[in-house]
Amino acid sequence: MSQKRPKLEFDKEEDDESFQCTFCLDNWKSKGDHRLISLKCGHLFGESCIRRWVNERTEKYSSKQATCPICAKQIKLSQIRNVQPVKLVVQDTSSIDKLTKELDAIKTQIKEQQNALELSKLALSLCQRELAKAKKESF
């Protein structure tokens, strides 16, 4: 009688809340100031968010230690641990970047068209004045 190991299945949904920092709701990064970290209590955050939390709490309450925002256990910045996740969702911002550039180009075109419209209005106003002046002179 052979025992089969159960297959592990991972949630393939990319917008899963488990990939987001509970403070800012941004996806964690694998590097940089918002990389995934763990506190001694085991709760996960983006590093910049938890550092800001600890600094604000220690300044506001004049205490040497802050507490975990989830379980209220005391934490120290020295207890922050880097986490190397098995799977980290990297957010592809290429389409957002492309749309942002297109939007900027359209805004520039609108400004240019507005400037051209203002010049045309000025030219029309001058032409109307000249026409009115010519009509007065012809009578």
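Reader: Is Trp 53 buried or exposed?
Author: This is a predicted model. In it, Trp 53 is buried, at a relative accessible area of 17%; the cut-off for buried is under 20%.

Reader: Which residues form an aromatic cluster with Trp 53?
Author: Phe 23 and Phe 45 form one aromatic cluster with Trp 53. The structure holds 2 aromatic pairs. In one of them, the ring centres of Phe 23 and Phe 45 are 5.4 Å apart with planes at 45°, so that pair is tilted. Phe 23 is in the segment before β1 and Phe 45 is in strand β2, so the pair ties together parts 22 residues apart in sequence.

Reader: And how far apart are the ring centres of Phe 23 and Trp 53?
Author: Their centres are 5.4 Å apart, and with planes at 45° the pair is tilted. Trp 53 belongs to helix α1, so this pair ties together parts 30 residues apart in sequence.

Reader: What sits over the ring of Trp 53?
Author: The charged end of Arg 57, 3.8 Å from the ring centre.

Reader: New topic. How many disulfides are there?
Author: The search of the whole structure finds 0. For Cys 24, the nearest cysteine sulfur belongs to Cys 49 and is 3.8 Å away. A disulfide needs the sulfurs within 2.5 Å, so Cys 24 is in none. Cys 49 is in no disulfide either, with the sulfur of Cys 21 nearest at 3.7 Å.

Reader: Where does His 34 lie?
Author: His 34 is in the segment before β1. It is buried, with a relative accessible area of 10%. Its contacts beyond four places in sequence include Cys 21, Cys 24 and Cys 49.

Conventions: Residues numbered from 1 in each chain as written. Predicted model: local features only at pLDDT ≥ 70, side-chain atom pairs only at ≥ 80, totals over all residues. Heavy atoms only, no water. Helix = DSSP H or I, 4+ residues; strand = E, 2+ residues; numbered from the N terminus. Buried < 20%, exposed > 50% of the residue type's maximum accessible area, 1.4 Å probe, protein only. Contact = heavy atoms within 4.5 Å. Phe/Tyr/Trp six-rings, centres within 6.5 Å; stacked < 30°, edge-to-face > 60°. Lys NZ or Arg CZ within 6 Å of the ring centre and 35° of its normal.
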